[in-house]
Every structure is written in C-alpha cells, then in structure tokens.
Amino acid sequence: MVTQITSFGRSGLYDWMMQRVSAVVLSLYTVFIIGYLLLNPDLTYDQWSALFEATWMRIFSLMVLLSIGMHSWIGLWSISTDYIKATGARFFFQSLCGLVMFVYIVWGVQVLWGL
Amino acid sequence: MLVSIYRYNPEKDDAPYMQDYDIELPAGKDLMVLDVLNLLKAQDPSISYRRSCREGVCGSDGMNMSGKNGLACITPVSEAVKKGKLVLRPLPGLPVVRDLVVDMGQFYKQYEKIRPFLINDAPAPAIERLQSPEEREKLDGLYECILCACCSTACPSFWWNPDKFVGPSGLLQAYRFLADSRDTATQERLSDLDDPFSVFRCHGIMNCVNVCPKGLNPTKAIGNIRTMLLQRAT
C-alpha cells in the first residue's frame, strides 16, 4: 500500500528475508571466528594468513562482507524512515549510508584478499 | 487517593498540563478506573473522556493509566495505581481533541486500508456460506478485536509512521480476513501488504500483546501474515 519505496529490495518481504538470512550468516561467522581463536590459543601469523588464503574462507568472508552491507543498509534505512522526518536530511543520511556501505565492501575485499 | 489527569482544552489552554485531584474512595471496594473518573466528573464537570458500555465491550474508554494502555472500565484501580498515585493520560501518539479524548482518524484510516469486510465474488448461496468447524476455529483470537486502539497506540512503529504502518490492530483484522475460508481476495490482500511499511515495520516487541484488554495476540497474527507472504513468494 506504500508504493514509493527506496529500501534495499523495494519489497517488504525481500528486505525482511535478507535481514534474517544475513543475520544468520553474520552469527555463523562470529561463532566460527571466536571458536577458531579459542581452539588455537597459540595462533601464528602464518596459520592466520593460511586460513584467509583458503578459497572457502574467502567465499565465507565475502559473504559476510556483503551481509554486513545489506544488513546495515536495511537496518539504517528503517531507522532513518522512523526518526528523520525532514526529507532532505533523510535522503542525505540514506545516501551517506549507501556510500559508506560501498566503501566498506570494496575496502574489505582489498584487505581480505590482500589485493 | 491522588489522581493526576492530563488536561487540555484547545479553546482555552496554550499547552497541555497535568491536574491533580485528591479523591476519597469508598472503603472495602476495588473500583474500576472509569468509576473514579465518573466520581471526579461529578466534582469537576469539565473533565472530558469517552465511555459507553462500561464493561469492556465497546472500546471507547481506551486510555493510558499510569503508563500502560487499557480500558478504564475493566481496569481495577488497585492494578493501575503506581506509588499511591493514579496517572491518567490520553492514548499516546494520536492527536488530542480534549483531555482524554483523542482523534482516532489515523487509526481508522489504517483499518479501512486493509478492507475489513468479506470479499467473495461468487454468487451468494441461498442461505449462507458454509464453513467447517475447523475453518471457523481459525478466526478465534482474531474476530474479538473491539478496535479500542490500545495496541496500536502502544506501538512505537505506529507512533513514528502512523500513515504508513497499518499497526497491530489493523494487521490482526487483515489476518482475520486472510484466514477466512470464505474470502477469495487473499492474493490481492497479500499484495497490498508486501511493502516495507504496512506489515514489515513490526519489529515484534509485543507491546500490543502486553496491553490488549481482550487478551489477543497481534504479533502472532503478523507472524502468520509474514509466513503467508513468504510461502507465496518462495
């Protein structure tokens, strides 16, 4: 019934589903990293570096990066539509969030893949 | 007992204020909040509030009693008093007409949006549209809503977006018609709700469940609407 929408997927269901799926990915990654650190108390640089060299870890990490981007965009979009009532300010905030999300993803890929 | 009432008469007052009344309650009886208001009204006829059936059926006297929304007529004073004081305010989030009387226009507009009536294009049968007892059972916990607005005005999502978010009360009714075996507009109804505001602005904090004077569960109904949308889309 609200037809003009600038949210992530432009559909309530899609946003809601992505929010939940990305939350699961983020929690799995968190549990994995904490578990890995606990199981390897004498972690060396080589071991840590080898972990992030592995293809499956790169896929997992990229998935997490994209999930952070999506999750935060959907969340912050919701917050801005709740609390920022002035259209100009809201648009500016949403654009800024979009930009920051994009920067973090590109930067994160660079860091994780050692490009 | 000390009763503090939200007073605002737009014709006379620049701003709303709280007025304190000291009232002697009959001993040995636990009055309802509405009875206290009636006693006060006899003292000060300028106090305004809505009431009608005085037994929790009409939904007119929804108000905020010491911080919690409810119907004044079925809320015992002993339950509503906090620290020896009864604080009465209008339902939060809706424009105040006067004292405890709010403008329910926005609330009704959302109710109207979900088309709260049976839609069935098939020609009406001679006697009635039959339903099995199991199909009828699905409407229990949905049809009992009296539209008192206690739930929607306890919902922060409704406070921030009363024009876009349908609110717990409207969504409970939306599901009441989605779940009705006699209704044939299920797909159109679902399409109308699939935007980021109408249903999905609900974050499941369950304030609505906490205050509903009829003990209904709008959060569960909203969850069911989500499931229906998900089943349709995947």
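Okay, a definition to start: two strands count as paired if DSSP finds at least two bridges between them. Strands themselves are DSSP E runs of at least two residues, while helices are H or I runs of at least four, and both are numbered from the N terminus.

With that in hand, here's the sheet in chain B: five strands form an open sheet, in the order S2-S1-S5-S3-S4, with mixed pairing. At the edges sit strand S2 (17-22) and strand S4 (68-71) of chain B, each pairing on one side only. On average, neighbouring strands in this sheet are turned by 30 degrees against each other, direction ignored; the axes behind that are lines fitted to C-alpha atoms.

Quick word on what we're looking at. This is a predicted model, where local features need pLDDT of at least 70 and side-chain atom pairs count only at pLDDT 80 or more, though totals for chains, interfaces and linings use all residues. Residues are numbered from 1 along each chain as its sequence is written, and chains are lettered from A, ligands numbered from 1, in the order in which they are written.

Let's zoom in on one pair. Strand S3 (residues 62-65) and strand S5 (residues 85-89) of chain B run antiparallel, joined by two bridges. Which residue stands opposite Asn64(B) in S5(B)? That's Arg89(B).

Now chain B as a whole. You'll find nine helices and seven strands in there, and the C-alpha trace spans about 60 × 35 × 30 Å along its principal axes. Of its 234 residues, 36% are buried, meaning 20 or more other C-beta atoms lie within 10 Å of a residue's own, with C-beta atoms placed from the backbone.

How many residues of chain A are in contact with chain B? It's 12, and they meet 16 residues of chain B. Helix H1 (12-39) and helix H3 (55-83) of chain A are the elements giving two or more residues to that side, and H1(A) gives the most, with four.

Conventions:
A residue is buried if 20 or more other C-beta atoms lie within 10 Å of its own, exposed if 12 or fewer, and partly exposed in between; C-beta atoms are placed from the backbone. Axes are lines fitted to C-alpha atoms, for helices over the stretch in contact, and angles run from 0 to 180 degrees between N-to-C directions. Two residues are in contact if their C-beta atoms, placed from the backbone, lie within 7 Å.
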